[in-house]
Amino acid sequence: MGAAFKETKLPANAPKSQKALAWVDDRFPLSKLWNDQWGKYYAPKNFNVWYIFGSLAMLVLVLQIVTGIFLTMHYKPDAGLAFGSVEYIMREVPWGWLVRYMHSTGASAFFIIVYLHMTRALLYGSYRKPRELIWLFGFATFLCLMAEAFFGYLLPWGQMSYWGAQVIVNLFSAIPVIGPDLSLWIRGDYVVSDATLNRFFAFHVIAIPLVLLGLVAAHLIALHEVGSNNPDGIEVKENVGPDGHGVDMIPSHPYYTTKDLFGVTVFLFIYSAVIFYAPEMGGYFLEYNNFIPADSMKTPPHIAPTWYFTPFYSVLRATTSDFMWVVMAGVAAYVVFIWLRSRLSYKTKLIITAIAVVLEIGMLFLDAKVWGVVLFGSSVVILALLPWLDHSPVKSIRYRPDWHKYVYTVFGIAFLTLGYLGTQPPTPSSTLMAQACTLIYFSFFLLMPWWSASGRFKPVPNRVSFTPH
């Protein structure tokens, strides 16, 4: 037998809004959800500007969904009609140009915010225990965003959309054994065609957004279960006051609600300025070639993905036959370094050595294109391993040795350089620079177990550092 239904009793003169809320709460935990997830969720009181990007990401997600719904009302996923339908939206649909520019600008804004959100996690160790699962959910969300952006990129059916999709899908054909069949399955045809456009539309509008919403919900639930990190990297839940909450914690509402609203206001000002004055952003947000209808008989002089993919795309382009000898030498040196400096067990070292030998043999016999795809995928996947690569005794960069800041700076410069080089036509000098930045990128992660634990660390205080203002 189930529990008897108990209805909340309110005074007869209670406001109608309160009565309506009580009626809903008796049947659905609306107030409980609000209080658990925000209203009475306690967070560290020393959040700074870096902590604004989580709420901004939620805002942009909502904007993308809403504008996407309006765009699908007029868009036609047909190879013969797609480009014309986008032009119709831009020229004939009332305010259609605004909705389209909001969506295209929102895509770039989303990745800017997510990259900054991940930077904050890197600086303050937000991926460290007990928040490993939060990081993994966030990483999976990042992968979904990349897939969502890739599938959506083809939909305008412009020159860059068509040829960008052609190049990226063809990358999968480099995978041994399953590659050709996999690329054929993704395209739905032997070339990028109407079948490709239809399945990309289905993934972009239905499949990926459903997965994305589930991952965002899981990310937030996991975050609110273990609590938020803070710039000092101190577990504020361990120092509890008489009220049962951490002495260094405050309710998210109204304190962080007001701060988030201020951040949202600043963001919307910048977002609106881009939409109204520079929606193409010099060709980085919307490329010139994408205003030309797709033509399978005419290849653009320079094919490159949108800017948010270019750091990883540069890794792919940097992987030449000559560079593979450098990679082979790097793998050999890394194995020697592990044997000399690592505290891993003898058995683990043997397993790593065996894997390295297999990789070295593979590099001798497989084409550089294959290893380009491997390094391209590895440059993304390695981000998921951060919680287990960082062995620093402290979380926050505030209490790490000063030279660690230079390591992070060099890594950041290398990442931005890769991003810029990926937007430019390849030249011998730019390829050499991309190869150097690729080595820096992977070295940052693969050597992290050692450099992150090296140096003289500053003492971490018992309470968070906070100055009222």
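Me: What volume does the second largest pocket have?
Reply: Keep in mind that this is a predicted model, so the number is computed from predicted atoms. For the second largest pocket, the volume comes out at about 1,300 Å³.

Me: Are helix 12 and helix 17 roughly parallel or roughly antiparallel to each other?
Reply: Their axes come within 12 Å and cross at roughly 20°. Angles under 35 degrees count as roughly parallel. Helix 12 and helix 17 are therefore roughly parallel.

Me: Which residues of helix 17 make the contact with helix 12?
Reply: Helix 12 passes helix 17 in a right-handed crossing. On the helix 12 side, the contact uses F323, V326 and Y334. Across from them, helix 17 brings Q435, T438, L439 and L446.

Me: Why do helix 3 and helix 5 count as roughly antiparallel?
Reply: Helix 3 covers residues 53–72 and helix 5 covers residues 96–124, with their axes 9 Å apart. The two pack at an angle of about 155°. Because angles over 145 degrees count that way, the pair is roughly antiparallel.

Me: How many charged residues are there in the contact of helix 3 with helix 5?
Reply: Helix 3 brings residues including F53, L56 and Q64, while helix 5 brings others, among them V99, R100 and H103. The contact divides into 14 nonpolar and 7 polar residues, and the charged count is 1.

Me: Is the crossing of helix 5 and helix 6 left-handed or right-handed?
Reply: Helix 6 spans residues 132–154, and its axis comes within 12 Å of the axis of helix 5, crossing at roughly 160°. Helix 5 and helix 6 are therefore roughly antiparallel. As for the hand of the crossing, it's left-handed.

Me: How many nonpolar residues are in the contact of helix 5 with helix 6?
Reply: F110, F111, V114, Y115, M118 and A121 of helix 5 meet W135, F142, L145, M146 and A149 of helix 6. No polar and no charged residues turn up there, and the nonpolar count is 11.

Me: Which helix gives the most to the lining of the largest cavity?
Reply: The whole structure has 3 cavities of 30 Å³ or more, and the largest cavity holds about 70 Å³ of space. Residues lining the largest cavity include F150, Y153, G164 and V167. Helix 6 and helix 7 each supply at least two residues, and the one giving the most, with 3 residues, is helix 7.

Me: How many charged residues line the second largest cavity?
Reply: The second largest cavity has a volume of about 50 Å³. Its lining is F83, V86, E87, R100, P156, L286, N290 and F291, with helix 4 giving the most, 3 residues. The lining divides into 5 nonpolar and 1 polar, and the charged residues number 2.

Notes:
Residues numbered from 1 in each chain as written. Predicted model: local features only at pLDDT ≥ 70, side-chain atom pairs only at ≥ 80, totals over all residues. Heavy atoms only, no water. Axes fitted to C-alpha atoms, helices over the stretch in contact; angles between N-to-C directions. Helix = DSSP H or I, 4+ residues; strand = E, 2+ residues; numbered from the N terminus. Parallel < 35°, antiparallel > 145°, perpendicular 65-115°, else oblique. Contact = heavy atoms within 4.5 Å. Nonpolar A, V, L, I, M, F, W, Y, C, P; charged D, E, K, R; others polar. 1 Å grid on protein atoms, 1.4 Å probe; cavity = no way out; pocket = protein on both sides within 12 Å on 5 of 7 lines; lining within 4 Å. Points joined across faces, edges and corners; volume = space filled by probe spheres on them. Left-handed = near helix turned anticlockwise from the far one by under 90°.
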